[in-house]
Amino acid sequence: MQEKVDIKNYCLQELKEIFCANNFIEYQASQVFSWVYAKRVEDFYSMTNISKEMRLAFAEKFYFSKFKIVKKELSNDKTEKFLFELKDKDRIESVFIPEESRATLCVSSQVGCKFNCKFCLSGKPGFKRNLKISEIVNQYLAVSSSVAPSKITNLVFMGIGEPLDNFSNVTKAIEIFMAPSGIGFGKRKICVSTCGLIEGIEKLARLKLGIKLSVSLHSADEAIRTKLMPVNKKYPLKELSKAVKDFTKYEKYPITFEYALIHGINTGKEDARKLIKFVHGINCKINLIPWNKSSLEFNQPDSMETESFCRELKSGGVFFTLRKPRGQDINAACGQLAASWS
Ligand code: SF4
């Protein structure tokens, strides 16, 4: 007997191709897709607009993977962290962040991470493997049914892993999230965050998905950024700047630079001036995030440090927002996700 395949590992186009290759009717791929992602039905027997004979044939070919939530933690600020155990016992986390006008789900894209940013716990144990398409999509499906009737309105790839290092699976999962006959996320409601992988940014620009791009910058000084983010050695600021400028030619909306304010490291006047110079001519906004409490070898900036950095940016005419870290008390803030594997 042929081994069954997980139906959630295919975007709609691929599903149609599989249906054709198996002599199924192509449009039934769209029907099944819509049952799974729009109506959230995960057994063929309930797909009542498909003949019984075809439902049996599909059930012989496909199965539905499903995520079980191993642990849920609720923060004082209502941020919720979800821990999932994968089939091979690897563990990943997702974070649900409700706000007044929207609710964001932050998903993981890899088990571990190769890039070892010094302020990030996710990369500490190293890299294990890429997540499958189904493992990305299942984070959304499991959290969305857990938080119902609240609705997830925005999706960010800012959890464990570097999404552009798992390019194919991440972009196919995004196609699933955006398909109007399925979940139907608007393109501007999805954001991919990268530590600055140039080839990935270029590839993403060429795909023209219309989604948002966020770049973890954290310093516009070559030496400081390399210290914080070793990836800067391979992809220095000059190349990064060119890649994001090119990206904004393909996608006509501002990209976001994430900048964690870390006490005594990147918060001086000179750091602000370098940042102003770096973003000059780029259609962008800057998210300043005061470093979340004292963790790893880094410390939270004091209020004077933060204020003077903001003042400097303001005087440079740069558009920025000062963000409040969310979910610190449950280790769900940026750089705090640390699910590990066996
Ligand atoms: S910040 Fe992102 S790229 Fe850097 S180590 Fe953490 S997960 Fe990896």
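## Inside the fold

Guide: Let's start with Phe177. Leaving out residues up to four places away in sequence, Phe177 touches Ile136, Val137, Tyr140, Leu155, Phe157, Ile183, Gly184, Phe185 and Ile190. Keep in mind that this is a predicted model.

Visitor: Is Phe177 buried or exposed?

Guide: Phe177 is buried, because its relative accessibility is 0%, and the cut-off for buried is under 20%.

Visitor: Which residues have the most contacts inside the largest nonpolar core?

Guide: Phe157, Phe177 and Phe257 do. That core has 106 residues. Helix α4, residues 133-147, gives the most to it, with eight residues. Domain 1 (5-63) and domain 2 (69-330) each supply at least three residues to this core.

Visitor: What lies apart from it?

Guide: Another core, of seven residues. Val95, Ile97, Val156 and Ile160 are among them.

Visitor: Back to the rings. How many aromatic pairs are there?

Guide: The structure holds 17. One of them joins Tyr140 and Phe177, edge-to-face. Their centres are 5.6 Å apart, with 70° between the planes.

Visitor: Why does that pair tie together parts apart in sequence?

Guide: Tyr140 sits in helix α4 and Phe177 in helix α5 (residues 167-178), so the pair links parts 37 residues apart in sequence. Tyr140 counts as buried too, at 6% relative accessibility.

Visitor: What does Tyr140 form with Phe185?

Guide: An aromatic pair, edge-to-face, at 5.6 Å centre to centre and 70° between the planes. Phe185 is in the loop between α5 and β10 (190-194) while Tyr140 is in helix α4, so this pair ties together parts 45 residues apart in sequence. Both Tyr140 and Phe185 are buried.

Visitor: Which residues form one aromatic cluster?

Guide: Phe19, Phe24, Phe44, Phe58, Phe62 and Phe64.

Visitor: New topic. How is the protein divided?

Guide: Into domain 1 (5-63) and domain 2 (69-330). Their contact takes 14 residues from domain 1 and 16 residues from domain 2. Taken over C-alpha atoms, the centres of the two domains are 34 Å apart.

Visitor: And the ligand? What surrounds it?

Guide: Cys113, Phe115, Asn116, Cys117, Cys120, Ser122, Gly161 and Cys195 surround the ligand. By class, this shell has five nonpolar, three polar and no charged residues.

Visitor: Tell me about Asn116. What is its phi?

Guide: Asn116 has a positive phi of about 50°, although it is not a glycine. Asn116 is in the loop between β7 (110-112) and β8 (127-130). At 28% relative accessibility, Asn116 is partly exposed.

Visitor: Which other residue has a positive phi without being glycine?

Guide: Lys89, with phi near 75°. Lys89 lies in the loop between β4 (80-85) and β5 (91-98). Lys89 is partly exposed, with a relative accessible area of 47%.

Visitor: Where is there a cis peptide bond?

Guide: Between Ala148 and Pro149, with omega about 10°. Pro149 is in the loop between α4 and β9 (154-157).

Visitor: Last one. What is Ile224 in contact with?

Guide: Ser219, Ile265 and Asp271, leaving aside neighbours within four places in sequence. Ile224 and Ile265 are 41 residues apart in sequence, and 7.7 Å apart in space, C-alpha to C-alpha. Ile224 is in helix α7 (residues 222-228). At 21% relative accessibility, Ile224 counts as partly exposed.

How values were computed. Residues numbered from 1 in each chain as written. Predicted model: local features only at pLDDT ≥ 70, side-chain atom pairs only at ≥ 80, totals over all residues. Heavy atoms only, no water. Near = heavy atom within 4 Å. Nonpolar A, V, L, I, M, F, W, Y, C, P; charged D, E, K, R; others polar. Core = buried A, V, L, I, M, F, W, Y, C linked by side-chain atoms within 4.5 Å. Buried < 20%, exposed > 50% of the residue type's maximum accessible area, 1.4 Å probe, protein only. Helix = DSSP H or I, 4+ residues; strand = E, 2+ residues; numbered from the N terminus. Domains from an automatic or database assignment. Contact = heavy atoms within 4.5 Å. Phe/Tyr/Trp six-rings, centres within 6.5 Å; stacked < 30°, edge-to-face > 60°.
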